[in-house]
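Student: I am new to this structure and would like to be guided through it. May we proceed by question and answer?

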Amino acid sequence: MTATAPAAARATHPSAELAAFAAGLRFEQIPPAVLRRTEDLLLDCLASILAGARTRPVQAIERYAVAMGPQSGPSEMLTARRGTSPVFAAMVNAAAAHVVEQDDVHNGSVFHPAAVVFPPVLALAQALGRSGKDLLTAAVAGYEVGIRIGEFLGRSHYKVFHTTGTAGTVAAAAAAGRLLGLDANVMLHAFGSAGTQAAGLWEFLRDAADSKQLHTAKAASSGLAAAWLAREGFTGAQRILEGPQGMAAGMSSDADPARLTDRLGERWALVETSFKYHASCRHTHPAADALQEAMRANGLRADDIERVVAHVHQGAIDVLGPVTDPRTVHQSKFSMGTVLALIARGGRAGLAEFDAALQDPAVAEFRDRVEMRLDADVDAAYPTRWIGKVTVHTRDGRELHARVDEPKGDPGNTLSRPEIEDKALSLGTYAGAATADEVRGLIQTVWGLERAERVSALLPSA
């Protein structure tokens with residue numbers, strides 16, 4: 001019989017309010033538009049998992065899971081087309097979801113929810129025989145919690161910490177805890193155990209290291225573990241978010257506790273999430289779209305361009321600035337110069353383009369003609385709005401300007417369901433991870449998820 005955690009203090013505080021919301025959320029409370037967007041985001045995530053399945057870092061984490069975990073199990077490791085335990089399925093799928101840089105992002109929190117929310121809820125739903133409605137409800141809880149924590153931790157946090165690894169650990173606990181049916185008191189203990197494990201530092205970008213995949217892998221699996229342990233009576237800090245020695249105290253200088261409970265149950269932050277159109281760090285997308293606009297409006301080719309100034313917010317400089325000479329395909333996705341070179345030379349910055357870019361001297365030559373410059377207006381709008389501004393200097397002496405207020409994929413310029421399906425087909429079949437027919441079947445499964453009485457395997461076994 002499951003033990004009951006000791007009662008939490010009954011005083012109202014932000015961590016407790018957020019935990020109570022996650023525990024109490026019911027399918028019937030979620031507006032249909034939010035549910036449809038959750039399905040869109042799930043499909044986008046599953047396709048990203050398939051696209052990342054055969055990458056070297058993910059394969060390393062998969063081998064670890066195979067060595068340390070069971071040889072079979074109820075939860076689907078999509079990368080290997082085999083079953084394992086929920087915690088290892090969540091770990092590997094989360095690592096794969098984030099590696100090709102095509103998973104979703106919430107602008108205001110600078111957080112990638114899908115990679116850390118869907119893997120644990122899928123793994124648990126399969127293991128526990130839960131319904132599609134249960135999975136969707138749990139995912140919404142994870143998004144709403146994780147986004148608010150990211151907003152709470154603020155810009156100072158993101159300068160050093162990868163929010164998807166930190167806020168993502170608690171988001172995963174909220175999602176898993178909702179699927180496990182934790183009450184508000186036990187959910188708060190899950191938050192405490194998740195928050196004390198939260199980690200993820202940006203230093204890896206300087207070395208082209210693989211840590212970003214570990215961030216999502218650990219966030220998903222540690223959040224799941226925190227929720228499961230809470231169900232078993234394991235206790236956690238009651239004010240892990242805003243307490244005097246909690247996450248904000250150690251990880252932020254501008255935390256705003258009011259953001260944790262901002263219009264809970266009224267503002268559905270999930271629908272504010274953006275889809276990624278380019279296969280690169282989201283900080284590059286606004287400038288990429290602005291360069292596309294400048295070239296289209298002025299009939300430019302790459303050879304017409306002398307240099308490009310990307311006018312950016314400080315967060316872009318903090319994350320992209322260290323990457324001056326990318327040494328891996330993944331690192332090149334954090335190079336503003338590489339992204340704008342691909343846009344200028346071919347009009348696309350997709351998976352295939354990045355695979356070829358590293359060895360292309362023309363890309364390297366254009367990359368060195370791109371400069372990032374802090375722009376006060378762009379920075380003031382960030383992170384709520386990610387404005388794209390470029391100045392293009394042409395070889396014939398012109399100075400051209402372009403601005404994009406909502407990059408492709410943002411809520412006001414979002415992807416339609418046919419566009420999401422096309423993206424899923426492209427990602428899912430990348431590097432032979434799945435056949436087109438398998439991806440089409442996956443699309444139909446996701447669109448019918450609400451009617452599923454039990455979440456079963458999504459793809460045929462290997």
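Student: Which residues are in contact with leucine 291, leaving aside its neighbours within four places in sequence?
Tutor: Contact means heavy atoms within 4.5 Å. With sequence neighbours up to four places away set aside, the partners of leucine 291 are Ile305, Val308, Leu340, Ile343, Ala344, Val390 and Val392.

Student: What kind of model is this, and what is left out of its side-chain values?
Tutor: This is a predicted model, in which local features need pLDDT of at least 70 and side-chain atom pairs count only at pLDDT 80 or more, while totals for chains, interfaces and linings use all residues. Residues are numbered from 1 along each chain as its sequence is written, and side-chain values use heavy atoms, leaving out hydrogens and water.

Student: Within what arc do the buried residues of H3 fall?
Tutor: Helix H3 covers residues 56-68, and its buried residues are Pro57, Val58, Ile61, Glu62 and Ala65. The arc is that of the directions from the helix axis to the C-beta atoms. Seen down the axis, these buried residues line one face of H3, because they fall within an arc of 135 degrees.

Student: Which elements do the buried residues of H3 pack against?
Tutor: Arg56, Arg63 and Ala67 are exposed on the other side of H3. The buried residues, by contrast, pack against helix H2 (32-52), strand E1 (75-77), helix H4 (86-98) and helix H9 (211-231).

Student: Is glutamate 101 buried or exposed?
Tutor: Glutamate 101 is found in the loop between H4 and strand E3 (105-106). Its side chain makes a polar contact with the side chain of lysine 212 (2.8 Å); such a contact is a pair of N or O atoms within 3.5 Å, where within protein one must be able to donate a hydrogen and the other to accept it, and residues adjacent in sequence count only if both atoms are side-chain atoms. Because its relative accessible area is 1%, glutamate 101 is buried.

Student: How far does the backbone oxygen of alanine 94 lie from a polar atom of the side chain of threonine 216?
Tutor: Threonine 216 is found in helix H9 and counts as buried at 0% relative accessibility. Its contacts beyond four places in sequence include Ala94, Ala95 and His98. The backbone oxygen of alanine 94 and the side-chain polar atom of threonine 216 are separated by 3.0 Å.

Student: What is the relative accessible area of serine 332?
Tutor: Serine 332 is found in helix H13 (residues 329-332). Apart from neighbours within four places in sequence, serine 332 is in contact with Pro326, Thr338, Val339, Phe354 and Leu358. Serine 332 is buried, with a relative accessible area of 2%.

Definitions and conventions:
Helix = DSSP H or I, 4+ residues; strand = E, 2+ residues; numbered from the N terminus. Expected span 1.5 Å × (residues − 1). Buried < 20%, exposed > 50% of the residue type's maximum accessible area, 1.4 Å probe, protein only.
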